[in-house]
Amino acid sequence: MGKHGPWHVLKRPAVGAVQAHVQGLCLMRAGLGVLSLWHLRPFVERALDGVAYGDVFFVPWFSWYPVLGRGAYFGLLWCAVACAALMTAGLWSRWTTWLTWGVLTFHFFLSETFFHNNRHFLLMLLLVVALGDNGAAFSVDAWWARRRHRPSNLMRAARESAFAVAVGRCLVVFPYLGSGLSKLLDPDWWGGRVTWDRVLHYRHVAEAKGAPVWVMDVLCRADVHGVLAKALILTELSIPFLLWLPRTRRVGVAVVIGFHLMIQLTASVQIFSWLGILATLLWLPVRWPVVRASTTEHAHRVGRLGSAA
Amino acid sequence: MTTGRILVPAFSSWQWGLLVGLVGLQAVMLVRAYGDAHAHFGYQPFNESSFWQARVERVDARGRAHSLEAGWFGYRWDDLVRDRVQRPFRWRRAQHGIRSTLVFMREALDWVAMHTPRDQHTRFLQATVTYRRNGGEVQRTRLQSIARK
C-alpha cells in the first residue's frame, strides 16, 4: 500500500501490503484508548465532585436529544471509562472499540459546550479504527488466541482492515485542509497579525518558561510574522498532498510529527497533537520486528503474533 | 503462494456508500463552518487572537444593576458556568473566536437566569462584553438575558 499511487488505496491492494497496516491499526486502537481516557478525565473529575453536566450551563445540540439525569450521566461516564480501558487493553477489541465510539459520540452531543476540534478528531479516528480488525495484534484478544493455539488471522484482519485504512486516509486530511484553508482566506492570519498578537500577549509566559529574550525579541516582530504565518499556512495545506503521494509520504509523516510537536509545545490543544501523530500509523506500514511481512494462506507461524490460517 | 498476489476483496456497495458519505459529510461541514459562529466540525482552530472580558450584572425590579463578580444569593458565576464563558470578569482569550464567545455568553445569561431559583429579586441578567479582535480596536457590546418570571 505504501508504494502505490494516491488512488490505489481505493482499489484492491494486495493483502500483503495491507497486513503491515493491520498492526498500525491495532497500535492506533491502543493509543486511542489511552487518549479517550485522557479526554474523559475532566468530565470524570467533575463527576467525582458530584457535578453532572445538567447541573451547570450546557446547550443541547438538538431539542429532541435526551437530557440525562444525574444518575444516568454518571453511569454513562463510567461506562465510557470502562469501554476505553478495555479497548486500550484489546479485550473484545472490536466490540469495545465500537462501544467506546458510540458512548463518546452520545456524550459529545449532550452539549454544544463539549465541542472541541480535538474531540471531533478523536471520534473520527475511533470510527476509523472500529471499522477494521483492530484486535489482531497488540491486544489481550491476540494473546488469548495464541494461548488457545488459535492465533490471530492476519490474512482475515488485512481483508477487514483495508476498508478502515482507506476511510482513515480519506478523513484524516480534513483537519489540515480545514485549518489551512480557513487561515488562507483570512487576511489577518495570512498577514501574520494573528500569530503576532498571540506572541505579544504570551511573551511573558514564554520568558517565564525559559525562552531566551533575544528569541522573543525576534518573534515579537511584525515582519517576522508576515513570513512565519504564510509558512505555517502553506505547510498545513501541503500535508494532505505530502501524505497522499507515495514519493513524499515519509516526508509528509515527518512534517506532521514535527508540526504537531511544535503545536503541543506552544499551545494548549488538549489531545489534538497526539491524535495527529497517532494517525500517521495509517500512512506508513508498521513492521514489528518479530513479524515477517509476508504470510501465506496456509498455517505458517508469523513470529509471535500468530499465523495466517 | 505469497500474499503479495492475493488481493483484498473489492469494497462492497455499502462500503463505498459509507466512504463517500463520510467524506461528503465532512466536506459539507467544512464549508458550512464558515457561516457558523462556532465553526462546528470545520476544523478551524486558532483562527483569531481575540481577548475579552465581561461585566456581568443582574438588574432588579427598580432597574438597578448589581455585579455578579462576588456572587449573589449563594450563587457564583464560575460554579454555574464551567465551559466557554467561565471566569468572564478577567481579561482572557476567546478560545473559539469572539463570535462564538458572544453567542455562548448570551446563552449562558439565559441559562443562569432560569436556573437560580433562590434569586427572587432579579428581572434579568446583562453582560457588557469588552473585546479586542486580532489586536484591533477595543469594542464593546451589551447582551441581555430573557426576562425572569
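L184(A) is partly exposed, at a relative accessible area of 33% (buried means under 20% relative accessible area, exposed over 50%, and partly exposed in between, with a 1.4 Å probe and protein chains only). The residue L184(A) belongs to helix α7 of chain A, residues 174-184 (helices, H or I of at least four residues, and strands, E of at least two, are DSSP runs numbered from the N terminus). Together with L181(A), L185(A) and Y34(B), L184(A) makes a nonpolar surface patch of about 350 Å². Patches consist of residues with over 30% relative accessible area and no salt bridge, with like charges joined within 9 Å and nonpolar side chains (Val, Leu, Ile, Met, Phe, Trp, Tyr) within 5 Å.

The model is predicted: local features need pLDDT of at least 70 and side-chain atom pairs count only at pLDDT 80 or more, whereas totals for chains, interfaces and linings use all residues. Residues are numbered from 1 along each chain as its sequence is written, chains are lettered from A and ligands numbered from 1 in the order in which they are written, and side-chain values use heavy atoms, without hydrogens and water.

Chain A has 13 helices and zero strands. Of its 309 residues, 54% count as buried. Chain A exposes about 13,600 Å², of which carbon and sulfur atoms supply 67% (accessible areas come from the Shrake-Rupley method with a 1.4 Å probe; for residues, only the protein chains shown count as cover). Within helix α1 of chain A, residues 15-48, lies S36(A), which counts as buried at 0% relative accessibility. A polar atom of the S36(A) side chain is 2.7 Å from the backbone oxygen of L32(A). Beyond residues up to four places away in sequence, S36(A) touches A84(A), T100(A), L104(A), L122(A) and L126(A) (contact means heavy atoms within 4.5 Å).

Between them, chain B and chain A bury about 5,200 Å², 65% of it on carbon and sulfur atoms (buried area is the accessible area, with a 1.4 Å probe, that two parts lose on being put together, summed over both). The contact takes 65 residues from chain A and 53 residues from chain B. Two salt bridges are counted between the chains (a side-chain nitrogen of Lys or Arg within 4 Å of a carboxyl oxygen of Asp or Glu). In one salt bridge, the side chains of D83(B) and R46(A) meet at 3.1 Å, N to O. On the side of chain B that touches chain A, α1 (13-32), α2 (77-80) and α3 (98-114) each supply at least two residues, and the largest share, 10 residues, comes from α1(B). F174(A), in helix α7 of chain A, counts as buried at 8% relative accessibility. Apart from neighbours within four places in sequence, the contacts of F174(A) include V23(B), Q26(B), A27(B), L30(B) and Y43(B).

Over all chains, the whole structure holds 14 salt bridges. The side chains of D55(A) and R70(A) meet in a salt bridge at 2.3 Å, N to O. D55(A) lies in the loop between α1 and α2 (70-89) of chain A and R70(A) in helix α2, so the pair ties together parts that are 15 residues apart in sequence. D55(A) is partly exposed at 31% relative accessibility, and R70(A) is partly exposed at 39%. In chain B, R64(B) and D60(B) meet in a salt bridge at 3.5 Å, N to O; R64(B) is partly exposed at 45% relative accessibility, whereas D60(B) is buried at 8%.

Methods. A polar contact is a pair of N or O atoms within 3.5 Å; within protein, one must be able to donate a hydrogen and the other to accept it, and residues adjacent in sequence count only if both atoms are side-chain atoms.
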